[in-house]
Amino acid sequence: MLSLIGVLLLVFFSGVSAVQNIKVQGADYVNNVTSDRFQIIGIAYQPGGSAGFIGGSGIDPLSNGTLCLRDAALMQRLGVNTIRVYNLDPSLNHDLCASIFNAVGIYMLLDVNSPLPNESLNPGDLTSSYNSAYLTRVFAVVEAFKNFPNTLGFFSGNEVIQFPGSETVVPPYLRAVTRDLKQYISKHSSRSIPVGYSAADVRDFLADSFAYLSCDIDGSSSDETRIDFFGLNSYSWCGGDATFQTAGYDVLVQMFANTTIPVFFSEYGCNEVKPRVFNEVQALYGPEMTGVMSGGIIYEYVQESNEYGLVDLHDNGTATIRIDYNNLQKQYNKLDIKQLQSGNSSATMLKAPRCSGGLITRASFSKSFKVPSLPSGGQSLIDNGIQNPNNGKLVDVTETVVKLDVYGSNGGLIENLAIKPLPEDQSNTPNGQDTTGATTATASGTSTAQKPESTTGGAGHLRMNLLLKCVALSVLALRST
């Protein structure tokens, strides 16, 4: 009987709660278990910006668990369910950060490229930059994050089709990198992970970029060069006086009305009027857009020199919430989450159009669907995998209380800041919290926001209760023998 108790301890303490995988089904993201529709309520997460990413420094946005815990706690209160991370060092250990975001029900959309030399396609020299060293880099990102259940997808490119001339030469190479990533994932990952593209809102190229990348060559539904989702970096809604029409959202809805893959804002949040009020959130998640769009990612979490941030981060690890954070939280709290999760059976059954030059409207945009072959050494990488991959894995999140001081927009210290691991492997949603009301400059505090019920909480807390019951029953059985 004592051995049974040992087995129970092993089972319960070795388990790590994981979010449910999200899959692409037609034009929607869908929860793989519940079949609920998944709408991205996201935020861009790149502390230090692209200029702050230094290869070989041993630091990237997901390498410091203490900082991730601080930020995950604030994001959980904000109500986001997805982060987008642009620049990553695949050689680093991301286990704790990824596991923290997993524990609070936040998924990760990850760019495989970086601004460092040989780590992205060069539109001015595609044939040379598309090489085995570059593929080793992007495959290393896959290896580092493929095992995390909260990896929502990979961006094969970001705003590569943007400047005059790029529309003529770049598109076939984007389909090539998409193919390479999908083949590598299929060969070396235990599950399928979507691969997509993030486009600049350059209206001259936008519709053609979407049409070119989302069609099926030869009408094949198994076309690996086709993107699984399409992101749009849009900043057309500026200020509280903007409307669905003046921001051009009506044009975007019409443009993507027949989409056969998920389309979402991979960045949004114009800052021409400050502080931002984010009233476009109600349009994006309202009835005029949810039939076509799958949500969006606010740019951005950290305040940088371009002044898009929701939170100020300080050199000593402390942080201060900005008014923009409070305004966004209020907008999220108005959303009807149950309605957003309602499935659309017709959207999940859509089939991609067959690729043809007739899909393209601009004369200068590529109409060639002849995708470049793998560069020398590329096939070997796909077949055999990269050498010495750094495979990430979920780990237990044992610390839930944030030890770094965080201040509200009114200057008061936010007390009892902690992550709250979610039960039943749920994704995070806006929960009505008011982080402004949770701040106070006094030691006693006047918090009005909901506090975490415990420092462990969530699925781990439920597992512990069940464990104790099982042990108690085992002890009783032992005494009766």
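Biologist: Which ring does Arg175 lie over in this model?
Modeller: Arg175 lies over the face of Tyr212, at 5.9 Å from the ring centre, and please keep in mind as we go on that this is a predicted model.

Biologist: And what about Arg84, where does its charged end sit?
Modeller: The charged end of Arg84 sits over the ring of Phe155, 4.2 Å from the centre of that ring, and Phe155 in turn belongs to one aromatic cluster together with Tyr29, Phe229 and Phe264.

Biologist: OK, how many aromatic pairs does the structure hold?
Modeller: There are 23 aromatic pairs in the structure. One of them joins Phe210 and Phe230 in an edge-to-face arrangement, with 5.3 Å centre to centre and 75° between the planes.

Biologist: Where in the chain are those two, Phe210 and Phe230?
Modeller: Phe210 is in helix H8 (residues 203-214) and Phe230 is in strand S9 (residues 229-234), 20 residues apart, so the pair links distant parts of the chain.

Biologist: Buried or exposed, Phe210 and Phe230?
Modeller: Both Phe210 and Phe230 are buried.

Biologist: What is Tyr332 in contact with, leaving aside its neighbours within four places in sequence?
Modeller: Its contacts include Ile41, Gly42, Leu78, Val80, Tyr268 and Pro430.

How values were computed:
Residues numbered from 1 in each chain as written. Predicted model: local features only at pLDDT ≥ 70, side-chain atom pairs only at ≥ 80, totals over all residues. Heavy atoms only, no water. Phe/Tyr/Trp six-rings, centres within 6.5 Å; stacked < 30°, edge-to-face > 60°. Helix = DSSP H or I, 4+ residues; strand = E, 2+ residues; numbered from the N terminus. Buried < 20%, exposed > 50% of the residue type's maximum accessible area, 1.4 Å probe, protein only. Lys NZ or Arg CZ within 6 Å of the ring centre and 35° of its normal. Contact = heavy atoms within 4.5 Å.
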